[in-house]
Amino acid sequence: MRTRAELKAALANHGDPTAPKVIRVRGHLGGNETDDGRLLGAQDYAPGWDLRRYMDCFGPDGTSWSDDRYEWCKRMRTLRVTGSNAQKQQIQLTVPSNTTLLGTGRDAALLGVHLTINTGRNIVIRDLRFEAPTDHFPSWDPGDGATGAWNARFDALSIVTGRNIWIDHCAFSDGRYPTSRATVGFHGKRVEHHDGLLDMEDGTDFVTVSYNRFSDHEKTLLIGSGDGKGDRDRGHLRITFHHNLFSDTAQRSPRVRFGQVHTYNNYFRGSTDDPDYPMRGQALGGSSYFLGAGLESKIVSEHDVFTHTGPGASPDITVTTLHGHQFSATGASYNGRRVDLNRIARAKFETEAAKARAEAESAGTPPPEWALRTFTTDPGWTPADVYRYRPQHSPRAVIRTVLREAGPALTRTARR
């Protein structure tokens with residue numbers, strides 16, 4: 001397949017989309033490319049859309065929207081929604097069950113495609129480069145966090161209620177459109193036009209993510225879509241990550257809710273002074289981290305390797321807790337030395353739980369249930385009881401293997 005139209009037709013498979021099939025992608029396929037070869041932009045999806053005018057309608061400090069602040073506010077609100085829907089209809093392609101999607105030939109890539117798996121099973125995605133979609137119509141939420149946040153809509157690859165999926169030897173990044181080059185919005189924050197590189201939610205199960213490269217991105221990899229989705233996700237989200245490279249991935253590598261997740265022999269690296277995606281953890285007043293233990297997550301990390309450089313770099317970056325109290329790590333290394341991830345995770349959970357209890361007491365309300373739990377290194381499961389694997393124990397060997405083998409085949413050949 002060489003065009004978006006050809007790939008869309010191949011996925012439909014002559015009206016029998018779930019029949020077993022192998023689809024080979026050659027060259028660059030653009031999500032914003034029409035059947036006649038034109039590339040669509042914001043004005044094609046929503047003529048008259050103006051990001052600056054949209055921001056003006058929140059006021060100079062971005063605290064609240066008003067339809068009456070300027071004469072164009074109602075129109076900008078409508079255009080943002082209609083434009084986003086039109087872009088979604090154009091760039092989303094859905095992979096059905098029993099499909100193998102392979103990159104082949106020179107530099108096979110999906111550029112700006114929002115690839116989705118919705119209830120699909122028995123799917124392999126291999127040897128493809130993904131450039132994250134650029135959302136032309138991001139939304140500003142003044143209530144998201146302490147000072148507000150930008151939210152984009154489209155992931156490079158999104159799995160919803162998928163099962164038995166293998167993602168292998170791919171590369172994911174923001175590519176030509178790093179957030180550092182985006183317009184500056186409220187409070188000096190760059191407008192975020194990207195969502196996740198790879199997100200999994202709504203009961204997705206039995207996924208292996210191996211020998212991939214994730215790089216140059218903010219909200220990298222989300223497992224479980226919300227703390228209130230436990231009825232969908234409990235007992236599911238059983239996912240393995242091994243021999244992946246996470247390079248300058250500012251947060252969520254991955255961030256897990258509810259999932260039973262095994263990470264081993266992955267290589268994580270970043271810098272506090274990277275020009276595009278600096279990684280500054282809580283110790284430096286930032287919000288970056290690699291492993292994120294969210295509500296009811298059960299993460300087992302074995303022989304993962306972390307390299308973090310720049311002024312103020314510290315092991316604080318390796319793991320954070322986001323209401324998660326079960327976490328187990330063995331054999332981790334940080335900048336060439338062994339590091340106790342369990343100690344870091346325990347300290348962070350106890351700090352956030354104490355803060356939540358204090359805030360509840362001050363407000364005269366019951367504390368959240370998670371804040372009453374005790375941190376434990378017993379995740380309630382053991383990967384070796386589920387499947388066979390042989391992790392490398394040497395940090396140098398892990399780094400050497402990941403840098404040599406991770407990513408699409410052509411990229412690996414070029415590196416050699």
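The model is predicted, so local features need pLDDT of at least 70, side-chain atom pairs count only at pLDDT 80 or more, and totals for chains, interfaces and linings use all residues. Residues are numbered from 1 along each chain as its sequence is written, and side-chain values use heavy atoms, with hydrogens and water left out.

**The disulfide**

A disulfide here is a pair of cysteine sulfur atoms within 2.5 Å. The count comes to one. It joins C57 to C73, with an S to S distance of 2.1 Å. C57 lies in the loop between α3 (51-56) and α4 (73-91), while C73 is in helix α4, so the pair ties together parts that are 16 residues apart in sequence. Helices (H or I, at least four residues) and strands (E, at least two) are DSSP runs, numbered from the N terminus. The link of C57 and C73 is left-handed, with -100° about the S-S bond. Both C57 and C73 are buried. Buried means under 20% relative accessible area, exposed over 50%, and partly exposed in between (1.4 Å probe, protein chains only).

**The cores**

A nonpolar core is a set of buried Ala, Val, Leu, Ile, Met, Phe, Trp, Tyr and Cys residues joined through side-chain atoms within 4.5 Å. The largest has 65 residues, and L115, I125 and M200 have the most contacts inside it. Helix α6 (residues 341-363) gives the largest share of this core, six residues. Another core lies apart from it, with 21 residues, among them W49, F58, W150 and F154.

I125 touches several residues beyond its neighbours within four places in sequence, including L101, L115, F130, W166 and C170. Contact means heavy atoms within 4.5 Å. C170 counts as buried, at 0% relative accessibility.

**Helix α6**

α6 has 23 residues and reaches 33 Å from its first C-alpha to its last, close to the 33 Å expected at 1.5 Å a residue. The expected span is 1.5 Å times one less than the number of residues. Its buried residues include L341, I344, K348, F349 and E352. The buried residues of α6 pack against strands β23 (291-294), β24 (298-302), β25 (305-309), β26 (319-322) and β27 (326-330). At the helix start, a side-chain oxygen of D340 comes within 3.1 Å of the backbone nitrogen of N342. G364 follows α6, and its phi is positive, near 70°.

**Paired strands**

Two strands pair if DSSP finds at least two bridges between them.

| Strand pair | Direction | Bridges |
|---|---|---|
| β7 (residues 121-126) and β12 (residues 163-168) | parallel | five bridges |
| β12 and β15 (residues 205-210) | parallel | five bridges |

I123 has I165 in β12 as its bridge partner. R163 stands opposite D205 in β15.

**R129**

R129 sits in strand β8 (residues 129-131). R129 counts as partly exposed, at 24% relative accessibility. Leaving aside neighbours within four places in sequence, its contacts include H28, D107, L110, A171 and P408.

Key:
A polar contact is a pair of N or O atoms within 3.5 Å; within protein, one must be able to donate a hydrogen and the other to accept it, and residues adjacent in sequence count only if both atoms are side-chain atoms.
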